[in-house]
Amino acid sequence: KIKRDAIEQEELHKHNMEQREREVDLANKRIAGEKERLSILKAEVDGEDTHLKELRKVSEAEFGSLQKNVQDLAKKANEVKDDINSKRLVVERLRDKIKHLEEVKNQAQTDHDEQCLRQEKELSRLRLEIGRTEEQLSDIREEVSNRRAREDE
């Protein structure tokens, strides 16, 4: 029974280690995805920021003859600016989310390492107990054998 318990403990330990590895891999994939999304959004923000600057230059150059167009462009510029601000907020949220996911990943790794250490200690203890039990069993067999030998005499 002790050997079976030890085997079950080892199987549980292996299962837990595999589960933790899958969790860490999943966390790494999530972080990579969020970083990629952050990179894409940064590029969009930079592109739209450049676009906004270009619109402002055009509107200043043609102000006298194209005042109506300037008003339309200013409206568009404000929309782009709002979009940029909105995306900046998204970028900040994504940064916070990535930071949180990294913290979760680090905590999961720490928990995993601590659990592995506890399980290794428990496995060592069980192995020692199995060894002692096997020694006791061997001593009992030897004692039974000696008794039989004395009884046969």
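## Legends for views of a predicted helical chain

View 1. The chain contains 2 helices and 0 strands. Its radius of gyration is 35 Å, well over the 15 Å that the globule rule gives for 153 residues, so the chain is more spread out than a compact globule. The model shown is a predicted one, and its C-alpha trace spans about 130 × 15 × 15 Å along the principal axes.

**View 2. Contacts and burial along the chain.** When contacts between residues at least 6 apart in sequence are considered, 89% of them join residues at least 24 apart. Of the 153 residues in the chain, 19% are buried.

**View 3. The surface and the charged side chains.** The chain exposes about 11900 Å², and carbon and sulfur atoms supply 49% of that area. There are 34 positive and 39 negative side chains in the chain, and the centres of these two sets lie 4 Å apart.

View 4. Valine 91 belongs to helix H2, which covers residues 67–152. Why does valine 91 count as buried? The relative accessibility of valine 91 is 6%, and because buried means under 20% relative accessible area, this residue falls in that class. If its neighbours within four places in sequence are left aside, valine 91 is in contact with Leu38 and Leu41.

**View 5. Valine 91 and glutamate 11.** These two residues, valine 91 and glutamate 11, are 80 residues apart along the chain, and their C-alpha atoms are separated by 43 Å.

How values were computed:
Residues numbered from 1 in each chain as written. Predicted model: local features only at pLDDT ≥ 70, side-chain atom pairs only at ≥ 80, totals over all residues. Heavy atoms only, no water. Helix = DSSP H or I, 4+ residues; strand = E, 2+ residues; numbered from the N terminus. Rg over C-alpha atoms; globule rule 2.2 N^0.38 Å. Buried < 20%, exposed > 50% of the residue type's maximum accessible area, 1.4 Å probe, protein only. Contact = heavy atoms within 4.5 Å. Areas by Shrake-Rupley, 256 points an atom, 1.4 Å probe, with all protein chains shown as cover. Lys, Arg positive; Asp, Glu negative; His and termini not counted. Charge placed at Lys NZ, Arg CZ, Asp CG, Glu CD.
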